[in-house]
Amino acid sequence: MRIVLVGPPASGKGTQANVLTERLGVPKISTGDMLRAALAAKTELGLKAAEAMNSGKLVPDDVVIGLVEERIAQADAQKGFILDGFPRTVPQAESLAATLDKSGTPLDAVVQIDVPRDLLIDRATLRRTDKRTGQIYHLKYNPPPPDADLEHRADDQEETVRARLDQYDAMTAALLPYYEAKGLLVRVDGSGAPKGVTEEILRLLSERKS
Ligand code: AP5
């Protein structure tokens, strides 16, 4: 299965990708996680991406395209993958399609997770991630265990979250119609509990397969 998860900041892409990777037996590829790791390691890539990320803007297409091309060429991604947060622009989507066409392994579906804006601010500002395990928690909805090594993302301050939401609205104006025209887009209501959202995604994916 080759799947893309699209959705506004804090809609649950990472949460769902962590579960789907287990359920479907394919790796999660998150450009946000890869960029944050580069930032933490202070690599050239991380330093290039830092300004855009910390102000809620998109990192330039060529930077993320290179990152994903390299990652999907790795052995574990040959049987499929769940892309979390990529593509976000039409040039990124076109570049991904060209890469997958070359290997004759097109995308199976693009899952759009919809959540109302007022819920997203609350989800983002109270999100905490365990640095050691990558597990995603929420101080209200999914509290972390006492021994978790918690991190509060620099871009999860309310003002930056609002900038990211605006950026998402601007970007999807072109990206979602692109995938809709290709017949790849499926929509899921992401406002319910995480387990229900996972089951709905799996149901829609199996419906497409049959
Ligand atoms: P990225 O890390 O991809 O951020 P994002 O898209 O803004 O998404 P988030 O990680 O904020 O949220 P999520 O949807 O994964 O939600 P989560 O599961 O954590 O990107 C960060 C930055 O990197 C970008 O701003 C950009 O600068 C750069 N970047 C990345 N990719 C790029 C690209 N392709 N091109 C250019 N730039 C790029 O859940 C959020 C919270 O809600 C958690 O606390 C969770 O516990 C909780 N939660 C989840 N689901 C539920 C539920 N159903 N009910 C209740 N709570 C829930």
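## Leu202 and helix 8

Leu202 counts as buried, since its relative accessibility is 16% and the cut-off for burial is under 20%. This residue belongs to helix 8, residues 194–209. The model is a predicted one.

Leaving out residues up to four places away in sequence, Leu202 touches Leu20, Arg23 and Leu24. Leu24 is 178 residues from Leu202 along the chain, yet the two C-alpha atoms are separated by 9.2 Å.

Three strands form an open sheet in the order 6-5-7, with antiparallel pairing. Strand 6 (136–138) and strand 7 (150–151) are the edge strands; each has a single partner strand, so one side of each has no neighbour in the sheet. Helix 6, residues 117–125, packs on this sheet and touches strand 5 and strand 6. The direction of helix 6 makes about 40° with that of strand 5.

Strand 5 (residues 127–130) is joined to strand 6 by 3 bridges and to strand 7 by 2 bridges, and both pairs run antiparallel. Strands of a sheet pair through backbone hydrogen bonds. Strand 5 and strand 6 also make a hairpin, with 5 residues between them. In the turn of this hairpin, Gly134 has a positive phi of about 80°.

## Thr129 and the faces of strand 5

Thr129 is located in strand 5. Its bridge partner in strand 6 is Ile136, and its bridge partner in strand 7 is Glu151. Arg127, also in strand 5, stands opposite His138 of strand 6. Apart from neighbours within four places in sequence, Thr129 is in contact with Gly134, Gln135, Asp149, Leu150 and Glu151. Among these, Gly134 is the turn residue with the positive phi, and Glu151 is the bridge partner in strand 7.

With a relative accessibility of 16%, Thr129 counts as buried. In a regular strand the side chains alternate between the two faces of the sheet. In strand 5, Arg127 and Thr129 lie on one side, and Arg128 and Asp130 on the other. These four residues are all buried, and both faces of the strand are covered.

## Helix 2 against helix 3

The axes of helix 2 (31–40) and helix 3 (residues 44–54) come within 8 Å and cross at roughly 115°. That angle makes helix 2 roughly perpendicular to helix 3. The crossing is left-handed. On the helix 2 side, the contact is made by Gly32, Leu35, Arg36, Ala38 and Leu39; these meet Leu45, Gly46, Ala49, Ala50 and Met53 in helix 3. By class, the residues of this contact are 7 nonpolar, 2 polar and 1 charged.

Helix 3 has Gly46, Ala49, Ala50, Ala52 and Met53 as its buried residues, and what covers them includes helix 2. Gly56 follows helix 3 and has a positive phi, near 80°.

## Helix 4 against helix 5

Helix 4 (residues 61–72) and helix 5 (residues 90–102) pack with their axes 10 Å apart, at an angle of about 25°. The two helices are therefore roughly parallel. Their crossing is right-handed.

From helix 4, Asp61, Val64, Ile65, Glu69 and Ile72 take part in the contact. Their counterparts in helix 5 are Pro91, Gln92, Ser95, Leu96, Thr99 and Leu100. The contact of helix 4 with helix 5 has 6 nonpolar, 3 polar and 2 charged residues.

## Backbone exceptions

Most residues other than glycine have a negative phi, and most peptide bonds are trans. Ala10 is an exception in phi, with a positive value of about 70°. This alanine lies in the loop between strand 1 (2–6) and helix 1 (13–24), and is buried, with a relative accessible area of 11%. Lys42 likewise has a positive phi, of about 55°, and lies in the loop between helix 2 and helix 3. Whereas Ala10 is buried, Lys42 is exposed, with a relative accessible area of 64%.

The peptide bond joining Phe86 and Pro87 is cis, with omega about 0°. Pro87 is found in the loop between strand 3 (81–84) and helix 5.

Conventions: Residues numbered from 1 in each chain as written. Heavy atoms only, no water. Axes fitted to C-alpha atoms, helices over the stretch in contact; angles between N-to-C directions. Parallel < 35°, antiparallel > 145°, perpendicular 65-115°, else oblique. Left-handed = near helix turned anticlockwise from the far one by under 90°. Contact = heavy atoms within 4.5 Å. Nonpolar A, V, L, I, M, F, W, Y, C, P; charged D, E, K, R; others polar. Pairing = 2+ DSSP bridges. Buried < 20%, exposed > 50% of the residue type's maximum accessible area, 1.4 Å probe, protein only.
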